[in-house]
Amino acid sequence: MTDTAKSVILSRLADEGFSGSYGALLFMTVLVGTDAETLKPESEEERHEWRGHLYGLRSALVCVVMYEAGVGPEDAAGIVQRHLEDAAWDLGRNRPDRSE
């Protein structure tokens with residue numbers, strides 16, 4: 001049986017000691033993307049709203065990593081960025097942008 005990208009991502013995260021909840025949130029974040037422009041906002045207000053949502057997703061991921069891995073904010077942000085990049089690669093997407 002062939003593994004799906006999602007199962008590969010979740011398995012890798014589990015191997016690193018992260019919860020399935022973190023994996024699901026990370027997977028959803030990669031599916032949605034990290035750049036509001038890719039969501040094709042119809043107005044500046046909508047663009048601003050999407051940026052806030054995407055920032056919130058990333059912040060939630062950082063908080064979960066801080067809790068689950070017992071690391072500080074900077075280390076957690078680096079871990080999340082690596083996980084986002086790896087998951088984007090697994091899904092055949094471009095690397096998430098590094099701007100925040």
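Biologist: Is Tyr22 buried or exposed?

Modeller: This is a predicted model, in which local features need pLDDT of at least 70, side-chain atom pairs count only at pLDDT 80 or more, and totals for chains, interfaces and linings use all residues. Residues are numbered from 1 along each chain as its sequence is written, and side-chain values use heavy atoms, with hydrogens and water left out. Buried means under 20% relative accessible area, exposed over 50%, and partly exposed in between, with a 1.4 Å probe and protein chains only. The relative accessible area of Tyr22 is 1%, so Tyr22 is buried.

Biologist: Which kind of aromatic pair do Phe18 and Tyr22 form?

Modeller: Rings of Phe, Tyr and Trp (its six-membered ring) pair if their centres lie within 6.5 Å; planes under 30 degrees apart count as stacked, over 60 as edge-to-face and the rest as tilted. The search of the whole structure finds 1 aromatic pair. With the ring centres of Phe18 and Tyr22 5.1 Å apart and the planes at 35 degrees, the pair is tilted.

Biologist: Which residues does Val80 contact, leaving aside neighbours within four places in sequence?

Modeller: Contact means heavy atoms within 4.5 Å. With those neighbours left aside, the partners of Val80 are Tyr22, Leu26, Leu61, Val62 and Val65.

Biologist: At what angle do the axes of α2 and α4 cross?

Modeller: In α2, Tyr22, Leu26, Thr29 and Val30 meet Val80, His83, Leu84, Ala87 and Ala88 of α4. Axes are lines fitted to C-alpha atoms, for helices over the stretch in contact, and angles run from 0 to 180 degrees between N-to-C directions. The two axes come within 10 Å, and the crossing angle is roughly 60 degrees.

Biologist: How far apart are the end C-alpha atoms of α3, and what span should its 26 residues have?

Modeller: The expected span of a helix is 1.5 Å times one less than its number of residues. For the 26 residues of α3 this should be 38 Å, which agrees with the end C-alpha separation of 37 Å.

Biologist: What is included in the cover over the buried residues of α3?

Modeller: Those buried residues are Arg47, Leu54, Leu57, Arg58, Leu61, Val62 and Val65. Their cover includes α2 and α4.

Biologist: Which residues does Gly23 contact, leaving aside neighbours within four places in sequence?

Modeller: Gly23 is found in helix α2, and its relative accessible area of 0% makes it buried. With those neighbours left aside, Gly23 is in contact with Leu10 and Leu13.

Biologist: Which residues does Ile79 contact under that rule, leaving aside neighbours within four places in sequence?

Modeller: Ile79 is found in helix α4 and counts as buried at 17% relative accessibility. Its contacts are Phe18, Val65 and Val71.

Notes: Helices (H or I, at least four residues) and strands (E, at least two) are DSSP runs, numbered from the N terminus.
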